[in-house]
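Dear colleague,

Please find below the structure that I am handing over to you.

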Amino acid sequence: MTDMVGVRDDQRIQRDVLAELAWDARLQPNEIGVTVDQGVVTLTGFVDGAARGWAATRCAQRVRGVRAVADEMEVRLPGTPGRTDAEVADAATRALEWDSFVPAERLDVTVANGWLMLRGEVEFGWQRRAAEGEVRRLDGVRGITNLIEVRPAAPPAAVRLRRDVQRALLRTLGAERVTVEVDGDTLVLAGVVRSWWERDQVERVAWSAPGVRVVHDQLLVGG
């Protein structure tokens, strides 16, 4: 009986993921396959860029009951001549320069066969996330490797950092079931969140704290 309930839940999740893909105007859901096994969603098929692959993954993560998402989609750029690696690199550099919150002068962009690599240093973790967000949606990008290092200007005070992050989580998300531990310049997040969206928001809050160089996410997605 338990197995049947599990199968029924997986079928419901599959239907919801397919509906969410169809709801997102950025996607062509008929090109994306969805399978679910015990709450783990696997996405297959083809997308024409990293931006749509990311959008499809985010769609699946928004669905209630999804425990994890495996991205097995293949990026196939359109057959017509598109951007060269040099053009993609130039577009990425310009996108970073246009973002006033990202220290573009401290970052390096390289592109090989449509795969974009980011290197350099930033002071805050949210700047690392922002840089990746700026280049992810560019045309011609097959994938991204983010090697940007976070190097805070000063080490954080552990007690104050833990208190401030915990307060920010309660203030913005009401995340009572999330615990925060501090080890030097590393934050460890543990506990349970209600959805992948909430998990991403908890990470966003953690990376926004000054002095944080590393965030270890041990959060579980539950009900």
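Which side chain meets that of arginine 151 in a salt bridge? The partner is glutamate 121, with 2.9 Å from N to O; a salt bridge here is a side-chain nitrogen of Lys or Arg within 4 Å of a carboxyl oxygen of Asp or Glu. Arginine 151 lies in the loop between β8 (149–150) and α5 (158–172), while glutamate 121 belongs to strand β6 (residues 115–122), so that the pair links distant parts of the chain, 30 residues apart. Helices (H or I, at least four residues) and strands (E, at least two) are DSSP runs, numbered from the N terminus. The structure holds 18 salt bridges.

Please note that this is a predicted model, in which local features need pLDDT of at least 70 and side-chain atom pairs count only at pLDDT 80 or more, whereas totals for chains, interfaces and linings use all residues. Residues are numbered from 1 along each chain as its sequence is written, and side-chain values use heavy atoms, with hydrogens and water left out.

The domain assignment gives domain 1 (10–75), domain 2 (85–150) and domain 3 (158–221); such bounds come from an automatic or database assignment. The centres of domain 2 and domain 3, taken over C-alpha atoms, are 25 Å apart. Between these two, five residues of domain 2 are in contact (heavy atoms within 4.5 Å) with eight residues of domain 3.

About 580 Å² is buried between domain 2 and domain 3, and carbon and sulfur atoms give 54% of this area. Buried area is the accessible area (1.4 Å probe) that two parts lose on being put together, summed over both. Trp126, Arg129 and Val150 supply 71% of what domain 2 buries against domain 3, more than any other three residues.

Two salt bridges are counted between domain 2 and domain 3. Arginine 129 also forms a salt bridge with aspartate 200, their closest N and O atoms being 3.4 Å apart. On the side of domain 2 that touches domain 3, helix α4 (residues 125–136) gives the most, with three residues.
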